[in-house]
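Here is a short briefing on one protein structure. Look over the sequence and the fold, then work through the points below.

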Amino acid sequence: MKDTNPFDLKVLAKAPKDYLDTDEFFEFLVKKNISVRKDNLPRFAYTHKIKISKKKREGSGGTVPTIYKVPTKSKLEEIKKTMSLNNNNALGKENVEKKEKKILEIFDNAENKKESKSSIADKVTKALVFLVIENSSEEY
């Protein structure tokens with residue numbers, strides 16, 4: 001039998017105003033450029049220490065809905081940073097693609113087509129740090 005409350009969540013009679021249901025939380029994450037599968041939201045929230053609860057369902061059918069507390073701006077930045085360091089998610093894959101493009105660009109623009117691995121790595125690091133700073137200044 002499937003465990004419908006694997007994280008031992010509290011069941012609240014009414015959702016607090018700073019909580020979102022599954023669909024709303026998923027859309028919130030999409031707007032913040034954090035990609036996660038909708039069916040993986042409870043694990044995602046638990047992993048990133050986002051408060052989650054269950055809301056008392058209406059009627060007798062269906063499952064008990066999960067609700068998620070809206071994370072702070074600093075928490076969202078922390079999540080993005082963590083996800084960008086992992087190549088198994090969309091943010092990490094995007095980061096790898098940017099690195100590959102920058103490496104090729106630096107190599108193609110090199111004088112006499114000579115460039116060492118360490119000099120390419122230094123230039124890519126400087127270029128990507130600038131991109132991260134530029135992207136983190138966007139409003140939430």
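This is a predicted model: local features need pLDDT of at least 70, side-chain atom pairs count only at pLDDT 80 or more; totals for chains, interfaces and linings use all residues.

**Strand pairing**
- Strand S1 spans residues 11-12 and pairs with S3 in the parallel sense.
- Two bridges link S1 and S3.
- Valine 11 has lysine 54 in S3 as its bridge partner.
- S3 also joins strand S4, residues 66-69, through three bridges.
- S3 and S4 run antiparallel.
- Isoleucine 52 has tyrosine 68 in S4 as its bridge partner.

**Backbone angles in two loops**
- Most residues other than glycine have a negative phi.
- Asparagine 33 is not a glycine, yet its phi is positive, at about 60°.
- Where does asparagine 33 lie? It sits in the loop between helix H1 (22-31) and helix H2 (41-47).
- Asparagine 33 has 48% relative accessibility, so it counts as partly exposed.
- Lysine 49 is another residue other than glycine with a positive phi, near 55°.
- Lysine 49 is placed in the loop between H2 and strand S3 (52-55).
- Is lysine 49 buried or exposed? Its relative accessibility is 69%, and the cut-off for exposed is over 50%, so lysine 49 counts as exposed.

**A residue in helix H4**
- Leucine 104 belongs to helix H4, which covers residues 90-108.
- Leucine 104 counts as exposed because its relative accessibility is 53%, and exposed means over 50%.
- In sequence, leucine 104 and isoleucine 120 are 16 residues apart.
- In space, the C-alpha atoms of leucine 104 and isoleucine 120 are 9.3 Å apart.

How values were computed
Residues are numbered from 1 along each chain as its sequence is written. Side-chain values use heavy atoms; hydrogens and water are left out. Helices (H or I, at least four residues) and strands (E, at least two) are DSSP runs, numbered from the N terminus. Buried means under 20% relative accessible area, exposed over 50%, partly exposed in between (1.4 Å probe, protein chains only). Two strands pair if DSSP finds at least two bridges between them.
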